[in-house]
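Me: I'd like to go through this structure with you, a bit at a time. Can you take my questions as they come?

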Amino acid sequence: MIARARAPLRLGLAGGGSDVSPYCDQFGGQVMNVTIDRYAYAIVQPGDGRCACFEALDVQHRAEHVCGDEHALSGPLQLARGVYARVCRDFLDGKQPSLRVTTYSDAPPGSGLGSSSTMVVALLQAFVEYFGLPLGEYEVARLAYQIERNDLGLAGGKQDQYAATFGGFNFMEFYADDRVIVNPLRVKDWVWAELEASLVLYFTGVSRASADIIDQQSRNVSESNQSSIEAMHRLKDEAVAMKECVLMGDLKRLEATLRAGWEAKKQTASSISNLLIENIERVAFANGARAAKISGAGGGGFMMFLCGAEDRLKLNRALLAQGGSLLDFHFTQRGAMSWRVP
């Protein structure tokens with residue numbers, strides 16, 4: 001039997017960063033995001049009887065682990081290793097079965113689309129399918145967060161795991177003690193279609209490690225940097241405003257909300273924006289863009305632009321001339337899913 005799973009990547013619309021500790025523990029975080037039809041994939045199937053084999057097809061990494069030996073959680077395959085180790089510990093009484101675990105993704109690491117956390121969700125969902133584990137959506141998202149942040153020690157927030165697990169447009173609330181509330185939004189069909197026609201997703205060509213930016217944001221809160229904390233408060237407020245705009249179909253206010261959120265985000269850490277991003281912004285606004293922001297922590301990855309649908313092709317041509325690439329996408333309502341292949 002083969003178990004396959006996929007989980008959707010996400011666009012951060014507003015509030016990103018307020019889901020990161022210690023801010024969300026002290027003040028509560030609020031995030032608006034939506035998933036798109038680009039995915040992280042995971043496959044779990046029987047191994048050769050002796051080893052657990054891990055392979056990431058998109059980055060061409062492969063490693064084997066002799067079942068029963070001490071399990072290393074570092075290296076380029078640490079996401080798959082981490083999920084395997086946690087599942088063995090929590091659900092298999094510490095036994096390490098011989099398995100072949102394969103992954104690949106529609107987006108590169110450091111894209112700003114939550115690719116690493118989405119991969120952890122896809123992996124965990126594949127293990128849930130393979131072993132018939134009794135985990136619902138909240139349990140999958142929470143365990144994926146614990147594996148990535150606690151077991152592997154990777155810096156980041158909480159929104160990505162919940163977005164990948166639940167899917168769709170969601171307004172999320174984050175509180176102390178890892179308490180999370182996901183509020184799915186019922187978005188009108190015409191608003192859904194208009195946003196798809198008006199959003200342009202551009203890859204800067206620069207993959208970035210989000211850990212340094214996230215560490216700086218966390219330090220600013222821990223050290224009571226008031227300007228950074230006030231900026232985070234504004235980010236959280238923009239998430240509420242974004243929810244209202246999407247539900248009401250107020251696209252003019254949505255543009256203003258996206259702009260305000262991006263300006264607030266840039267004040268939470270100095271490395272979120274840079275000369276490359278600022279130059280791309282200038283080109284975009286000169287060619288029909290009405291609002292812009294980075295998707296994810298910042299510093300590179302994907303940039304998101306909102307324009308009039310009639311200006312989309314003009315904006316696309318101008319952005320492509322800067323040397324990056326465009327990603328065609330549609331929103332998706334469904335979150336992580338898994339299935340069995342006989």
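Predicted model: local features only at pLDDT ≥ 70, side-chain atom pairs only at ≥ 80, totals over all residues.

Me: Is Gln60 buried or exposed?
Reply: Gln60 counts as exposed, because its relative accessibility is 72% and the cut-off for exposed is over 50%.

Me: Which loop has Asp178, the non-glycine with a positive phi of about 60°?
Reply: Asp178 is in the loop between β6 (169–174) and β7 (180–184). Its relative accessibility is 27%, so Asp178 counts as partly exposed.

Me: Switching to peptide bonds: which residues does the cis one join?
Reply: The cis peptide bond joins Ser21 and Pro22, with omega at about 5°, and Pro22 sits in the loop that runs between β1 and α1 (23–27).

Me: Now the helices. How do α3 and α4 pack?
Reply: Helix α3, residues 115–131, packs with helix α4, residues 137–151, at an angle of about 120°, and their axes are 9 Å apart. That angle makes α3 oblique to α4, and α3 passes α4 in a right-handed crossing.

Me: Which residues make that contact?
Reply: From α3 the contact uses Ser116, Ser117, Val120, Val121, Leu124, Gln125 and Val128, while α4 brings Val140, Leu143, Ala144, Ile147, Glu148 and Arg149. Sorted by class, the contact of α3 with α4 has eight nonpolar, three polar and two charged residues.

Me: And what about α4 against α5?
Reply: The axes of α4 and α5 (residues 159–166) come within 9 Å and cross at roughly 145°, and α4 passes α5 in a right-handed crossing. Among the α4 residues in the contact are Glu137, Tyr138, Arg142 and Tyr145, and the α5 side consists of Gln161, Tyr162, Thr165 and Phe166. By class, the contact of α4 with α5 has seven nonpolar, two polar and four charged residues.

Me: On to the largest nonpolar core: which residues touch the most other members?
Reply: They are Val83, Val101, Leu123 and Phe127, in a core of 38 residues. At least two residues of this core come from each of β1 (2–14), β2 (29–46), β3 (51–56), α2 (78–91), β5 (99–105), α3 and α4, and α3 gives the most, with 10 residues.

Me: What does Val83 touch, leaving out residues up to four places away in sequence?
Reply: With those left out, Val83 touches Val120, Leu123, Leu124, Phe127 and Ile147.

Me: Which residues does the second, separate core include?
Reply: That core has 32 residues, including Leu13, Leu185, Val191 and Ala291. As background, nonpolar side chains in soluble globular proteins tend to be buried together.

Me: Last one, Asp106: where is Asp106 found, and what does it touch?
Reply: Asp106 is found in the loop between β5 and α3, and at 36% relative accessibility it counts as partly exposed. Not counting residues up to four places away in sequence, Asp106 touches Arg38, Tyr39 and Tyr41.

Me: How far apart are Asp106 and Gly15?
Reply: Asp106 and Gly15 are 91 residues apart in sequence, and their C-alpha atoms are 24 Å apart in space.

Terms used:
Residues numbered from 1 in each chain as written. Heavy atoms only, no water. Axes fitted to C-alpha atoms, helices over the stretch in contact; angles between N-to-C directions. Helix = DSSP H or I, 4+ residues; strand = E, 2+ residues; numbered from the N terminus. Parallel < 35°, antiparallel > 145°, perpendicular 65-115°, else oblique. Left-handed = near helix turned anticlockwise from the far one by under 90°. Contact = heavy atoms within 4.5 Å. Nonpolar A, V, L, I, M, F, W, Y, C, P; charged D, E, K, R; others polar. Core = buried A, V, L, I, M, F, W, Y, C linked by side-chain atoms within 4.5 Å. Buried < 20%, exposed > 50% of the residue type's maximum accessible area, 1.4 Å probe, protein only.
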